[in-house]
Amino acid sequence: MSTTVADVVAALDRRYPPAWAEEWDRVGLVVGEPDHPVRRIACVVDVVPETVDEALEAGADMIVAHHPLLLRGVSSVAATTYKGRIVHRLIKADVALYVAHTNADVADPGVSDALAARFGLTGLRPLHPPRPGSPADGPGRGIGRIGELPEPMTLAELTRLAAAVLPVTAWGVRAAGDPGRMVRTLAVSGGSGDGFLAEATAAGVDAFLTADLRHHPAGEHLAAGGPALLDAAHWATERPWLDDLAAHLAGELGVETVVSDLDTDPWTVHAAAPRPDDKEPRREG
Ligand SMILES: [Zn+2]
């Protein structure tokens, strides 16, 4: 008997129960017929025309994504709209779409475990545990992870390490704080981690790596004596999870999987300021 969309949904719902998602989130099956067979699954962070192209070219019958395609209410999925065109392409190609977002963030293992593994962090515990008694409440579960680096290192060294172990993006990694500050305990949170600055401070970590950090919250956090901050590209902090997701699907269901390495971060150009001894722009010839 072949694997169906319903089988994949059941396997994912067991690992990432939809009830564990934040109230504002929209997760689960977005497009697809439950009895349709699934031989190959494409794992992506973002459902955009480019990753859909890739999935279709790879012969995928289903896409499992991290970010919801449809988060806010829509009154039309006409092909004249950006998202409607994606919905049409998926339905015409008979490709199902499933989303595991904050329910995959909070799970153990979840999105930030894969991120923590890139740094070799040990003794992991959640950065933002679920509210006691909430559906996601349970041992090891929560958003973000805190752990110990294999070797203490300076913030400057850790920033270079982050740029080397995370998927390559134009954004790279930037850090805030004293470059010589020693880091032993690191908190990581895949995706936008702005909301967890206070928890990183309360946890007493030396540094916190996440994405989408902003001028005022970051500056005020540092001024108040909080941990050093590392700001990576959003996509790069969540891409590591796709390998774990694909391995789980292959192991649980025996399906083939493909993992997208297409950088869907919106930032595509980065320039470092010229060095002080290099003030005049150099021109060839
Ligand atoms: Zn995200």
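Arg39 is located in the loop that connects strand 1 (28-31) with strand 2 (40-44), helices (H or I, at least four residues) and strands (E, at least two) being DSSP runs numbered from the N terminus. The model is a predicted one, in which local features need pLDDT of at least 70 and side-chain atom pairs count only at pLDDT 80 or more, while totals for chains, interfaces and linings use all residues. Residues are numbered from 1 along each chain as its sequence is written. With 13 other C-beta atoms within 10 Å, Arg39 is partly exposed; a residue is buried if 20 or more other C-beta atoms, placed from the backbone, lie within 10 Å of its own, exposed if 12 or fewer, and partly exposed in between. When neighbours within four places in sequence are left aside, Arg39 is in contact with Asp61, Val255 and Glu256, two residues being in contact if their C-beta atoms, placed from the backbone, lie within 7 Å. The C-alpha atom of Arg39 is separated by 8.0 Å from that of Ser2, 37 residues apart along the chain.

The protein chain is divided into domain 1 (5-103 + 238-259) and domain 2 (105-236), with bounds that come from an automatic or database domain assignment. A distance of 26 Å lies between the C-alpha centres of domain 1 and domain 2. Contacts link 13 residues of domain 1 to 17 residues of domain 2. On the side of domain 1 that touches domain 2, helix 4 (102-106) and helix 9 each supply at least two residues, and helix 9 gives the most, with six residues. This side of domain 1 has six nonpolar, two polar and five charged residues, where Ala, Val, Leu, Ile, Met, Phe, Trp, Tyr, Cys and Pro count as nonpolar, Asp, Glu, Lys and Arg as charged, and the others, Gly among them, as polar.

The largest nonpolar core has 78 residues, and those with the most contacts inside it are Ile41, Met62, Ile63, Val64, Tyr98 and Ala207; such a core is a set of buried Ala, Val, Leu, Ile, Met, Phe, Trp, Tyr and Cys residues joined through C-beta atoms within 7 Å. Helix 9 (residues 234-253) provides the largest share of this core, six residues. At least three residues of the core are drawn from each of domain 1 and domain 2. Beyond its neighbours within four places in sequence, Ile41 is in contact with Val8, Ala60, Met62, Val64, Leu249, Val255 and Thr257.

The axes of helix 5 (residues 111-118) and helix 9 come within 7 Å and cross at roughly 100 degrees. Axes are lines fitted to C-alpha atoms, for helices over the stretch in contact, and angles run from 0 to 180 degrees between N-to-C directions. Helix 5 and helix 9 are therefore roughly perpendicular to each other, a description that applies to angles of 65 to 115 degrees. Residues forming this contact include Val111 and Leu115 of helix 5 and Trp241 and Asp244 of helix 9. Pro240, in helix 9, is buried, with 21 other C-beta atoms within 10 Å.

Most residues other than glycine have a negative phi, and most peptide bonds are trans. A cis peptide bond, with omega about 5 degrees, joins Asp108 and Pro109. Pro109 is placed in the loop between helix 4 and helix 5. Asp94, in the loop between helix 3 (82-92) and strand 4 (96-99), has a positive phi near 60 degrees.

Key: Angles under 35 degrees count as roughly parallel, over 145 as roughly antiparallel, 65 to 115 as roughly perpendicular and the rest as oblique.
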